[in-house]
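User: I am new to this structure and would like to know what lies behind the terms used for it. Please go through them one at a time.

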Amino acid sequence: MPLETFYYEVYNRPNVELIDITETPIERITPKGIKTSEQEFEFDIIIFATGFDAITGSFDKIDFRGVDGAKLKDAWKSGPETYLGLMVHGFPNMMMIMGPHTALGNLPRSIDTASTGSLG
């Protein structure tokens, strides 16, 4: 979750409303927007971001192979295990600047800082 660039301030804008879908679940998509069990919300655009896996999702999309052809997906079947959030046992040439245990903050900015070595 971004912890900068006014992320939290957006929720205090008069045109923003937070909806707890565990209390008022989405019933259907309508021609105007989204209908919950309580009311219909009108939108010009709906962005579907379902099935997002913030921890290992991006790593599962690549067939990483380690020592003796071991698959990263198999090594992490019970959950990701890393050393310092950067390395995985059995995958000696794989260094993760933003591995599964470092998913805090604004990732593009963190990657830029790590790759350039600058803080500004």
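**Strands, burial and salt bridges**

Analyst: Over 3 bridges, strand β2 (residues 33-36) pairs with β3 in the antiparallel sense. The model is a predicted one.

User: What makes β2 and β3 a pair?

Analyst: Two strands pair if there are at least two bridges between them. β2 and β3 have 3 bridges, so they qualify as a pair by that cut-off. Within this pairing, G33 stands opposite E42 in β3.

User: In what order do the strands of the sheet lie?

Analyst: The order is β1-β2-β3, in an open sheet of 3 strands with antiparallel pairing. β1 (26-29) and β3 (40-42) are at the edges because each has a single partner strand, and one side of each is left without a neighbour in the sheet. From one strand to the next, the twist averages 25°.

User: Why is T36 called buried?

Analyst: Buried means under 20% relative accessible area. T36 has a relative accessible area of 3%, so it falls under the cut-off and counts as buried. T36 belongs to strand β2. Leaving aside residues up to four places away in sequence, T36 touches T24, P25, I26, E27 and F41.

User: How do you know that E27 and K35 form a salt bridge?

Analyst: The closest N and O atoms of E27 and K35 are 3.7 Å apart. A salt bridge needs a side-chain nitrogen of Lys or Arg within 4 Å of a carboxyl oxygen of Asp or Glu, and 3.7 Å meets that limit. In general, side chains of opposite charge can pair when their charged atoms come close.

User: Which residues are linked in a network of salt bridges?

Analyst: The network links E27, R28 and K35. E27 also meets R28 in a salt bridge, at 3.8 Å from N to O, and that value is within 4 Å too.

User: How many salt bridges does the structure hold?

Analyst: The structure holds 3 salt bridges. One of them joins the side chains of R65 and D63, at 3.0 Å from N to O. R65 is partly exposed, with a relative accessible area of 47%.

How values were computed: Residues numbered from 1 in each chain as written. Predicted model: local features only at pLDDT ≥ 70, side-chain atom pairs only at ≥ 80, totals over all residues. Heavy atoms only, no water. Buried < 20%, exposed > 50% of the residue type's maximum accessible area, 1.4 Å probe, protein only. Helix = DSSP H or I, 4+ residues; strand = E, 2+ residues; numbered from the N terminus. Axes fitted to C-alpha atoms, helices over the stretch in contact; angles between N-to-C directions. Contact = heavy atoms within 4.5 Å.
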